[in-house]
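Welcome! Please take a moment to look over the model below, and then we can walk through two of its regions together.

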Amino acid sequence: MKPVLLAAVTALLSSPIMAETPLSYPLTVTVPQTDTIFGETIADPYRWLEDDVRTNPKVRDWVTAENNVTDAYLATLPRRDGFKMRMKALYNYERMGTPRKAGARYFFSHNTGLQNQSTLWVRDGPSGNRRQLLDPNLWAKDGATALAEWAPSADGRYLAYGIQDGGTDWRTLKVVDATTGKELPDHIEWVKFSGIAWKPDGSGFFYSRFAKPEGAKFQSLNLDQQVWFHTVGTAQDTDSMVYATPDRPKLGHSAQVTDDGKWLVITSAQGTDPKVEVTIAALDAGPIKTHPLVAGLANSWQLAGTVGSKFWFVTDKGAPKGRLTVVDVAAKTLKFRQVVAETGDTLVGASLIGQRLVVAYLGDAKSEAELFELDGRSLGAVRLPDIGTASGFGGKTGDSESFYTFTGFATPATVYRFDSATGRSEVFFQPKLAFDPNAFETTQVFYPSKDGTKVPMFIVRKKDLPAGPQPTLLYGYGGFNISLTPGYSATRLAWLEAGGVYAIANLRGGGEYGKAWHEAGKRAQKQNVFDDFIAAGEYLVAQGVTSKARLAIQGGSNGGLLVGAVVNQRPDLFAAALPAVGVMDMLRFNRFTAGRYWTDDYGDPDIKADFQILRAYSPLHNIRSGTQYPAILVTTADTDDRVVPGHSFKYTATLQAARLGDKPHLIRIETRAGHGSGKPTDKIIEEAADQWAFIARWTGMTTGGN
């Protein structure tokens, strides 16, 4: 091919505004439906799409028709197969989860590389022979049944575990003998949002459950959660209820048993806010009698550990960025005494290991840790390997051994063994990689939002990436006190290797800077989150990292809401958008499954003042017909019972019916998958390859090479 012709073809292939024939979308039937809410008439012509796809054949037919159009379009994208092949190679490395010690045994998850689900292994002693205990890959032909929560008994004899089928939040609990590998007859249903807390003698465990739903189990509201106790080897109908609040049906309850096995601790919350109540009970020979330790949903209280009747808690009471306190629950007058004071960094957790406390911080969205004596005397920083995210540090009183994992944007999780007696870490497991982490660089910047607030953002790219605007993917979340910290993703690395830039903005609404940062992005302040994200995009363009024609955005769940809202507010700023499992109908979100929990962050659409705020930014209700919109690929799944897929269905139908220009506005609906957890490896790769190929097309990423 002649050089001039080659240059012309390359320019054509990489142009983000390459002309193409507008798509013909399936015709979505409209049904007259209006609601008058606080004097405003709200049309909802696609409400029929809220029905369960598994039970309503009309919704099922709509899903099939939409997927057919989307699949046909995605099949035309030149980078799709290349992304898929590279992601398979990047996923194909041995991985190990953080070990949990029980008695003399160590339990840990493991994946050989491309297994759809990680398996569970047990090892007798830190260097003993390991053996496989559970293999979820045998549970379903499509690989969509996953191992969820699991916990060994204190002596390591039994392991209780949850089964997650098709991505649903519902769990089935079972028990296996860790010595023989024999599955016991225990079978517990209607478990959701639950931990597993063993009694110290291994006779049984505490768990949280709901009553069997009267309606559709994937759409019914979750109310009246209760704590129950199950005795190993018995039927569920013989389980005993331990704690419930029938007069306050919106409270959810989570149970844990202290490391010494002496106390049951129940934490209760009404929604997603960290504001909780704490109830305790002595686990002695008598019947379980609970009594309140902290009443009122005013502050966060996170148990760090106990010694006898002394309880250490991380709390934000009197400390928006967190502090560590201790209380003697046997004292006649309860008094919480400060052990570690609030600092400039956000205290995100603490764990009592041996006779010392490891306190975890976020310093500008990066992990830091410090070792303390029980009286609060500092023993210095725990040296972490690099800039990244450390997680784990589980431990017990009297045992100084602990484990944690550490990961960065280009560094897969390495497992470290930590000794609180010496403060030293050593590598316990390190994966072998099919790429060079040193080929990538991460920088952190602080950019001004609309109101002048400085917002941190990580920017990741190949070190040898040419100067000038490059295809860039900007990711955000901004809600529910959740912090976005550095972490490895094989799918993300494929984007970086192909020459893309990845940016992650730490928006208000998250927990990066404590309580004040969270509250600055919730309810009436939610617009701050959108302003922060828009400002991140403007910063990347102004700094020459990318251009409007090369900028794509992504977010999932609350982040899907974020993407939907900012596309409506600034459609000119973005070339492409990937809203995943998003909360798109802000006027009806509280009517399904876990939606009622989210009123903590969003407000209640049944309250006039909240309705007016929600109405102003609801992605579904603010689509601007007659405006040029970016290319949009919505993703959801048929078994998502966290954010029901009706949100994405109605949003997509509205996009396709509006006059938004010639760029595609498509939806990709996965089957036998949910909100994200438990998704098999092959489905993760397929979806990400489709997403990256889509945004590569619309950000002008070239089709050949890296």
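## Terms and background

A residue is called buried when its relative accessible area is under 20%, exposed when over 50%, and partly exposed in between, using a 1.4 Å probe and protein chains only. This is a predicted model, in which local features need pLDDT of at least 70 and side-chain atom pairs count only at pLDDT 80 or more, while totals for chains, interfaces and linings use all residues. Residues are numbered from 1 along each chain as its sequence is written, and side-chain values use heavy atoms, leaving out hydrogens and water.

## Ser 194 in its loop

With a relative accessible area of 13%, Ser 194 is buried. You can find Ser 194 in the loop between strand S11 (188–191) and strand S12 (197–198); strands here are DSSP runs of E with at least two residues, numbered from the N terminus.

What does Ser 194 touch, not counting residues up to four places away in sequence? Its contacts (heavy atoms within 4.5 Å) are Glu 149, Tyr 207 and Ser 208. The side chain of Ser 194 also reaches the backbone nitrogen of Ser 208, at 2.8 Å.

Strands pair if DSSP finds at least two bridges between them. S17 (residues 263–269) runs antiparallel to S18, joined by 6 bridges, and the two form a hairpin with 6 residues between them. Within this pairing, Leu 264 has Ala 281 of S18 as its bridge partner. S18 is also joined to strand S19 (residues 291–299) by 4 bridges, again antiparallel; here Val 276 stands opposite Asn 299.

Key: A polar contact is a pair of N or O atoms within 3.5 Å; within protein, one must be able to donate a hydrogen and the other to accept it, and residues adjacent in sequence count only if both atoms are side-chain atoms.
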